[in-house]
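Reader: I'm new to this one. Can you walk me through it?

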Amino acid sequence: MAERRDISIQVPVLARVEGEGALELRIRQGVIEDLKLRIFEPPRMFEKLLEGREYSEVPDMVARICGICPVAYQLSAVQAIESLFGVEPGPWVRAMRRVLYCGEWIQSHSLHLHMLAAPDFFGCASVVELARTHADEVRRGLRLQALGNDIIRLFGARSVHPVGVRVGGFHRAPAAADVHALREQLRAALPEAEALVRWTASFELPADEQEFTSVALRHPGEYPMYQGRLVSDAGVDVSIDRFEEHFTERQVAHSTALHCLHRGRPYLVGPLARLNLNCDRLPGPVRAVLDSTGMRLPCRNMHYSVVARAVEIYFAVHEAWRLLAAYTEPDSPSGEVPIRAGTGFGCTEAPRGTLWHRYDIAADGGIARARIVPPTSQNQARIEADLRQSLQAYGLDRPEAALRQRGEQVIRNYDPCISCATHFLDLRVVRS
Amino acid sequence: MDGRLHIIGVGSPFGDDRLGWVAVEMLQRSATPAASGGGSVAFAVLDRPGALLLAHWRDADRVIMIDAVRSGAPPGTRHRLQPGAWAATEPVSSHGFGLAAALELARALDALPPHLVLHGVEIDPSNAGFSLSEPVRRALPDLVREIEREARVLAAPGVC
């Protein structure tokens, strides 16, 4: 029998994740005694910054929360404000917002899959090392990432912190000629995205089945992205305004990001959760490629999130290509916005998972209170639970370097965006 | 290859990291056909492009990059670096995937432009806000003049 060790592993700065976090692991007598995903990135206080600002400023402000998924923040925000104001922007705006969101999924997923996650599956320390043996696949990943950026730029004027979205629609509509050129790029990318799915399905993925609850949006006819009801495989099916009844955030001392729980337990959001709950909403060609990989759904192995991410890239390329088929420039890219006081809710599927917003708005259109629940804070408790199980199953007697590498790989499966998730810790002053 | 000289300023809105953007603005203002030796120059300013820098190098055989540099030298010190010396000097980027990583990736993918040079200025990392520090501001005119001299040669048709 292997010797049981007392060891303490500290990964002071997690590599290949967005933002700054750390992992602490203490093992005693062959059992994990303590495990913490520390998030020490400074709190952002965005919700507080929004208070007192005009509703129309919100889309551009929340875009600054994340350089990787600004569109998700913009679209959850405008959805919340428009639902309160009773604005229905119409089919053109709805379709084009979905195209814009496709751009962000393609960009963010491609970045994560190739630059951050893929090296894990080939024993490489970085994408540079991976590029030496898999140059064609890395080049393809860069092309897909650039395509995602091109879509965001077309609607948002720039790919980082785009500025095209407004309450009521868009500031401007892209020219038909530019859209047609982009659609050609999308058509050319379809076989590349399909090949990407097959490539990820060929990875040697560790066997590590775990029990967890998946949570995602679900829409009557679409793979979820921009709209839907909140559902889980634990039986929840509620409208997004009831999020707070089923999901609670709590503070933990070791993280500036809140931990969000579903009925008191960790849960999963993101590509694998979406696929688990919505694979019947994939268009035929995407579903056919997924089926041909042999991936069984629902899937309880988080290492398959790399395949789920590739499937969603293929889906997003296909969806944007489909939605732009009959593109025409509208008379106006936005509609009237009557201001109404009250509370509005927005919920969309960011690349990393469900992103929920709530705004209390005053009669003058000012933001009285904002609440933003990003996907990484929802996944954080699940990441810790996964680490406990997967490292125990992996074998705690392995060398520290191997445990560290596996721990990082498990965390990267969730594509955590730590910068998005950091909130302000309450300050308690006790005076006597 | 599109036959043009590409001058790319990399940075962010913050403090001295703006340097690449400001330098490109100055170069654009003074750019005339004569100043570029009759050749064609393409200017770009990029906000922390990460690995997608490679997409901007794709059609280029001659590239001048301008970025903030942090090597321990006094703020305002000018640097001119060829790719070989580049990685070791740790060019600054506020994103995880910086210029040095982009260079390494391009090299692994055999996607380095034949002529690539980095012009940089040592920055003051403590300079917060949205403007340049005084040492960097003072270094800019000489930096721009040096790049203009180099551009006149590189942009001339047929030069590589």
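**A walk through the model**

Author: Let's start in chain A. Phe247(A) stands opposite His262(A) in strand E10 of chain A. Strand here means a DSSP run of E, at least two residues; a helix is a run of H or I, at least four; both are numbered from the N terminus. The model is predicted, so local features need pLDDT of at least 70 and side-chain atom pairs pLDDT 80 or more, while totals for chains, interfaces and linings use all residues. Residues are numbered from 1 along each chain as written, chains are lettered from A and ligands numbered from 1 in the order written, and side-chain values use heavy atoms, without hydrogens and water.

Reader: How many bridges join E9(A) to E10(A)?

Author: Four, and the two strands run antiparallel. E9(A) covers residues 247-250. Strands count as paired if DSSP finds at least two bridges between them.

Reader: Which way do the residues of E10(A) point?

Author: His259(A) and Leu261(A) point one way, Cys260(A) and His262(A) the other. All are buried. Buried means under 20% relative accessible area, exposed over 50%, and partly exposed in between, with a 1.4 Å probe and protein chains only.

Reader: Switching topic. How many salt bridges are there over all chains?

Author: 39. A salt bridge needs a side-chain nitrogen of Lys or Arg within 4 Å of a carboxyl oxygen of Asp or Glu.

Reader: Show me one. What does Arg358(A) pair with?

Author: Glu244(A), with the closest N and O atoms 3.1 Å apart. The two are distant in the chain: Arg358(A) is in strand E12 (residues 353-361) and Glu244(A) in helix H8 (residues 243-246), 114 residues apart.

Reader: Is Arg358(A) buried or exposed?

Author: Buried, at 18% relative accessibility. Glu244(A) is partly exposed, at 27%.

Reader: What about Arg80(B) and Glu150(B)?

Author: Their side chains meet in a salt bridge, 2.9 Å from N to O. Arg80(B) lies in strand E4 of chain B and Glu150(B) in helix H5 of chain B, so the pair ties together parts 70 residues apart in sequence. Arg80(B) is partly exposed at 37%, while Glu150(B) is buried at 13%.

Reader: Which residues do salt bridges with shared partners join into one network?

Author: Glu244(A), Glu249(A), Arg358(A), Asp360(A), Arg369(A) and Arg371(A).

Reader: Now helices. How do H4(A) and H11(A) cross?

Author: At roughly 150 degrees, with axes that come within 8 Å. Axes are lines fitted to C-alpha atoms, for helices over the stretch in contact, and angles between N-to-C directions run from 0 to 180 degrees. H4(A) and H11(A) are therefore roughly antiparallel. That label applies over 145 degrees; under 35 is roughly parallel, 65 to 115 roughly perpendicular, and the rest oblique.

Reader: Which residues meet there?

Author: From H4(A), they include Trp105(A), Ile106(A) and Leu113(A). From H11(A), they include Ile313(A), Phe315(A) and Leu323(A). Contact means heavy atoms within 4.5 Å.

Reader: On to chain B. How many helices and strands does chain B have?

Author: Five helices and five strands. Along the sequence, the pattern is β-α-β-α-β-β-α-α-β-α. Of the 160 residues of chain B, 52% count as buried.

Reader: What order do the strands take in the sheet?

Author: E2-E1-E3-E5-E4 in chain B, as an open sheet with mixed pairing. Strands E2 (41-47) and E4 (78-81) of chain B stand at the edges, each with a single partner strand, so one side of each has no neighbour in the sheet. The twist averages 20 degrees from one strand to the next.

Reader: How does E4(B) join E5(B)?

Author: By four bridges, running antiparallel. Leu81(B) stands opposite Leu118(B) in E5(B).

Reader: Which strands does H5(B) lie across?

Author: E1, E2, E3, E4 and E5 of chain B, running at about 170 degrees to E5(B). Helix H1 of chain B lies across E1, E2, E3 and E5 of chain B, at about 145 degrees to E1(B).

Reader: And which residues of H4(B) are buried?

Author: Leu99(B), Ala100(B), Ala102(B), Leu103(B), Leu105(B) and Ala106(B). Just after H4(B), Asp110(B) takes a positive phi of about 55 degrees.
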